[in-house]
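Work through each task before reading its solution.

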Amino acid sequence: MDFKIKTNNVRSFAMHTLTQFTGCTNSLKKIGPVKNIGQIAICRTSSKLEDLLLMSPLLKELSNTYPTANIDLFVKGSKAAEIFKNYNNIDTVIELPEKSFQQPLEYLKCWGKLRRTKYDLVINADKSSWLGRIAVKFTRARFKLYGDTLSESAALIFSDYKHAAKTSVYDFRFSVSKDGIFEWNDKVPNLDLKLDSSEMSEGNRIFRKIAPAAKKSICIFTYEEGEKRHSAEWWEEFYQKVRGSFPSYTLIEILPTEKVSQIGFKAKSFYSSDIRKTASIIANTSIFIGADNGIMQLASATKVPVLGLFITNPERYAPYNNYSSAIETNEDSIDNIVELIDTILHHRLN
């Protein structure tokens, strides 16, 4: 293992151990009902595309609960401003530099900005994040949620509580509801990039250039890393069976930054460093198929049905918007995956 990775792992473990009880005394006591909320901050100190997108259900939940409130985001990197550009209630995005040791003054300025603002409510969107817990503790706020108000035993009521996009929403609902009572059956909002009509039109225009004769299309993303990786042979077999099973559909492959293809560029392909442009292309297709990664969550945020291909254990990151599904490829054959694609497309057409 690379020395830098080892160092980061050791640092993360040490900081998590030191901060895991930060705010627990306060957070184990319910704070609700929480009223007169005008200024909110959400702390999600990650720069990963998927982590930021998985924050969108909490943002929508807060907007529905406090429609006139302004929301600040305390995040890492520069992606959040682009991802949430169409969220009208977002006031300020405080962006920690990704390489804090190389930009110490900018890093301290961000913390100073967070401290100067008086908030009514501050939420850590990832209870396992040591930096998020510290950020909540550091703020001047009337109400602080560290992400662990809802106990594990109470969480068993929700079969999907462990999902990365839903945990913070359930925790928020429990924290601010009177006597812990709320609509148990209310669905958690979907991931949402909030593509506007002009973005959708531009995506359709580009899509027609890629596949001018296509009436229906299947979008795939074949690039994977580490333990999530399927072999090139697996992808080749998958591609051939999908192409043979759905001859009236055009296959379009979204390429990663590395511009590589596990199917040897046999499908029509598209690449852009622009997150929203890529999303607008996906939004014009019939279904997206890909492994557990940021592009899969991006597809889910476009409201297109998504089939997530997981090696194991999809419960934390499985797509859940309209007709979406997840499948464990270690347990299911490619033929079974094709059948599931057919089922999703059938719902989509209807």
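A residue is called buried when its relative accessible area is under 20%, exposed when that area is over 50%, and partly exposed in between. The model examined here is a predicted one.

**Exercise 1.** Determine whether Lys303 is buried, exposed or partly exposed, and do likewise for its salt-bridge partner, Asp192.

Solution. 
Step 1. The relative accessible area of Lys303 is 46%.
Step 2. Asp192 has a relative accessible area of 7%, so Asp192 is buried.
Step 3. In the salt bridge between Asp192 and Lys303, the closest N and O atoms are 3.9 Å apart. The criterion requires a side-chain nitrogen of Lys or Arg within 4 Å of a carboxyl oxygen of Asp or Glu.
Step 4. This pair links distant parts of the chain, 111 residues apart. Asp192 lies in the loop between H9 and helix H10 (197-210), and Lys303 in the loop between helix H13 (294-300) and strand E10 (306-310).

**Exercise 2.** Locate the salt-bridge partners Glu61 and Arg173, and decide whether each is buried or exposed.

Solution. 
Step 1. The closest N and O atoms of Glu61 and Arg173 are 2.9 Å apart.
Step 2. Glu61 belongs to helix H4 (residues 56-65) and Arg173 to helix H9 (residues 167-176); the two are 112 residues apart and link distant parts of the chain.
Step 3. Glu61 has a relative accessibility of 11% and therefore counts as buried. Arg173, at 8%, also counts as buried.

**Exercise 3.** Carry out the corresponding analysis for Asp148 and Arg133, which form a salt bridge.

Solution. 
Step 1. Here the closest N and O atoms are 2.9 Å apart.
Step 2. Asp148 is found in the loop between strand E5 (140-145) and helix H8 (152-155), whereas Arg133 is in helix H7 (residues 130-138), 15 residues apart.
Step 3. Asp148 counts as buried because its relative accessibility is 14%. For Arg133 the value is 2%, so Arg133 counts as buried.

**Exercise 4.** Describe the position and burial of Ser100.

Solution. 
Step 1. Ser100 sits in the loop between strand E3 (90-96) and helix H6 (104-116).
Step 2. Its relative accessible area is 19%, so Ser100 is buried.
Step 3. Ser100 and Lys76 are 24 residues apart in sequence, and their C-alpha atoms are 9.6 Å apart in space.

Note on methods: Residues numbered from 1 in each chain as written. Predicted model: local features only at pLDDT ≥ 70, side-chain atom pairs only at ≥ 80, totals over all residues. Heavy atoms only, no water. Helix = DSSP H or I, 4+ residues; strand = E, 2+ residues; numbered from the N terminus. Buried < 20%, exposed > 50% of the residue type's maximum accessible area, 1.4 Å probe, protein only.
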